[in-house]
Amino acid sequence: MERESKTLEYKEQITRTFLKTVSAYANYGSGKIVFGISDDGIILGLDNPEQLCLNIENMINDNLSPIPDYSLEICRNQTIVLTVFEGLYKPYLYRSKAYKRNDSATIEVNRLDLNRLVLDGMNQTFEEQISNEQNLTFQTLETTLVQELKIEGLSNDILKTLQLMTPDGRYTNAAALIADHNQFKGVDIIRFGTTISELRDRKTLENCSILTQFFEALNIYRQYYQIEKIEGAVRRKIDLIPEEAFREALANALVHRLWDVDSNIKISMFEDKIEISSPGSLPPGISKEEYLNGQISTLRNPIIGNLFYRLNYIEKFGTGIKRINEAYSHNLTKPNYQVYENSITVGLPTLNKELNLNEDEKQILNVFYGKKILARAQIDELTGFNKAKTVRILNHLTEQSVIQKTGKGRDIKYTLLQK
């Protein structure tokens with residue numbers, strides 16, 4: 001029996017509490033509620049399921065506003081499966097409140113999430129909204145466009161073409177983000193020593209153009225992660241961390257983050273890696289696997305994304321992850337990606353990092369060659385190690401970004417981050 005999850009809930013009986021989950025699925029993605037099964041997965045069945053289906057239908061129609069799309073099915077084991085489909089006319093409210101799923105629980109959304117649902121229902125994004133600030137200047141944007149696109153100067157027509165200005169001449173939130181001065185958070189860059197307790201340098205870039213943030217963060221990266229080496233009469237630049245990978249990760253953090261969150265992008269610089277953490281998880285409709293494989297790209301901020309694409313700072317069609325990985329194609333340690341409920345962190349290790357692997361760790365790495373994904377039990381069988389030993393070694397290799405761990409509970413799988 002499948003366990004309860006973000007998209008599956010069991011109910012022994014039909015009570016009004018299921019209506020909260022109907023709201024959650026209609027707002028944030030399709031899901032199923034199965035009636036007649038206990039929380040621990042025991043099939044109990046229901047008496048007179050035909051009448052109960054009518055009851056469910058009436059309860060949804062009488063209590064949800066607007067009414068979402070759904071279907072009902074009576075199974076042979078006398079259970080009822082209610083499938084709720086994500087709707088277009090958000091927010092879907094139960095008793096004037098909207099809900100979402102948090103793992104296998106249903107919770108009420110906060111005011112910020114409710115505002116996002118309202119925008120989603122209007123088929124609009126935060127960056128498209130009219131800015132509260134209309135006294136804006138764009139010297140950084142103009143200089144960049146003149147240099148990169150060879151325009152003669154910035155005009156209202158260009159601002160409208162870039163969707164930074166509405167047809168009636170008002171600036172959008174995207175314009176405020178690009179403007180020389182604004183009220184938005186930005187990028188917080190911290191350089192650590194040998195431990196996180198040793199803070200060597202810090203620079204916070206906020207209330208300024210995201211183009212300025214992009215350029216300044218690149219300059220700080222070049223200061224600490226690019227060196228010059230003299231070979232004979234030739235002076236050669238060496239990247240300790242690939243510039244293309246850092247540039248891509250930085251641009252994607254600026255383009256894909258949630259700008260209505262009062263929080264900075266955090267760039268943590270260590271001797272052996274850089275970590276870039278941006279506010280906001282994956283856009284709706286994209287799974288972690290699709291994100292990691294670079295299969296689909298949905299721009300959370302399409303106006304900003306389009307500008308960065310025109311300036312050749314990002315690829316428009318979602319090759320960011322692939323480009324970062326390609327920069328490490330000949331390196332043992334690979335980039336590490338952590339997708340959380342409210343943030344995404346990209347870890348970029350230094351090149352040619354020496355790993356002091358013991359024989360047990362090497363043996364586990366050897367079983368991955370020729371195999372794409374392995375479960376822990378498979379690794380036990382192939383190595384002859386017991387569960388505790390395998391888990392300990394896998395955790396150590398994960399921390400060093402040699403392998404990657406995905407999934408939860410019994411669905412955990414491991415992938416070698418090495419070609």
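Start by selecting Q78, which is partly exposed with a relative accessible area of 35%. Here buried means under 20% relative accessible area, exposed over 50%, and partly exposed in between, with a 1.4 Å probe and protein chains only. The model is predicted, so local features need pLDDT of at least 70 and side-chain atom pairs count only at pLDDT 80 or more, while totals for chains, interfaces and linings use all residues. Residues are numbered from 1 along each chain as its sequence is written, and side-chain values use heavy atoms, with hydrogens and water left out.

Stay on Q78. Its phi is near 65 degrees, a positive value in a residue other than glycine. Q78 sits in the loop between β4 and β5; strands (E, at least two residues) and helices (H or I, at least four) are DSSP runs numbered from the N terminus.

Next, select S96. This residue is not a glycine, yet its phi is positive, about 65 degrees. S96 belongs to the loop between β6 and β7 (99–102), and is exposed, with a relative accessible area of 69%.

Two prolines come next. Select S65 and P66: the peptide bond from S65 to P66 is cis, with omega near -10 degrees. P66 is in the loop between β3 (64–65) and β4 (70–74). Then select K90 and P91, where the peptide bond is also cis, with omega near 0 degrees. Look for P91 in the loop between β5 (80–84) and β6 (93–94).

Now go to helix α3 (residues 111–121), where V118 is found. V118 counts as partly exposed, at 33% relative accessibility.

Which residues have the most contacts inside the largest nonpolar core? They are I267, Y291 and F308, in a core of 61 residues. Such a core is a set of buried Ala, Val, Leu, Ile, Met, Phe, Trp, Tyr and Cys residues joined through side-chain atoms within 4.5 Å. A second, separate core of 22 residues includes V22, M59, Y92 and Y94.
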